[in-house]
Amino acid sequence: MIRTYRETDLEEIVRIWYDASVIAHPFMPASFWASHKSVMKEKYLPLAENYVFEQEGKVMGFISLVGEKVCALFIAPEAQERGTGKALLEHAKVLKGRLSLKVYRDNRRAIIFYEKSGFKAVGKEIDDHTGCVQVLMEWGI
C-alpha cells in the first residue's frame, strides 16, 4: 500500500536511503552517504512531498517529490526487484502527470529501471557535491 509519509517514518526512511545508496553507488564511499544522514533528516525530507510503500506494517521504500521532480526513490535492499519502485513511480506519475529526475551515470541499474518506466535521457551534468556525472531524465514531457 502506498500512503503519505508520517513523521514516525523518518528513521526508517533514512535507513532505507542509506542502505540502498551504499549498494547502488559502489563508485562512492559509504562515508559520503553517512555524512549526509542529518541533511536528509533535517533538510531534504521535510521540504519534499513524501510517499511510502508499506507492506504488513513495514516501510519498504519511499519516493520524494518537489513539484514534478523526483528527488529520491529508494527501496529497502531486501524489498528490491518486487515491483515496489515501479508502484511508487507510477503513483508519482498519476499525481504529477510529468516528472523529471537526475541519476548518476554509473548507476546503470537505475538508468535501466527509469528507461523501462518510460523516462528519456535529455542531458548530463556534473553533480557539485560528488563530481560524478548525472543523467537528466524526463517522463511525460
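The legends below describe close-up views of a predicted model.

Residues are numbered from 1 along each chain as its sequence is written. Local features need pLDDT of at least 70, side-chain atom pairs count only at pLDDT 80 or more, whereas totals for chains, interfaces and linings use all residues, and side-chain values use heavy atoms, with hydrogens and water left out.

**View A. The aromatic pair of F27 and Y104.** The structure holds 6 aromatic pairs, where rings of Phe, Tyr and Trp (its six-membered ring) pair if their centres lie within 6.5 Å, and planes under 30 degrees apart count as stacked, over 60 as edge-to-face and the rest as tilted. F27 and Y104 form an edge-to-face pair, with 5.8 Å from centre to centre and 75° between the planes. Because F27 lies in the loop between α1 (10-24) and α2 (30-34) while Y104 belongs to strand β5 (residues 99-104), the pair ties together parts that are 77 residues apart in sequence; helices (H or I, at least four residues) and strands (E, at least two) are DSSP runs, numbered from the N terminus.

**View B. A charge over the ring of Y18.** The charged end of K37 sits over this ring, 4.2 Å from its centre, a term used if NZ of Lys or CZ of Arg is within 6 Å of the ring centre and within 35 degrees of the ring normal.

**View C. Strands β2 and β3.** Strand β2 (residues 49-55) is joined to β3 by 7 bridges, and the two run antiparallel; strands pair if DSSP finds at least two bridges between them. E54 stands opposite V59 in β3, and in the turn of the hairpin, which has 2 residues between the strands, E56 has a positive phi of about 50°.
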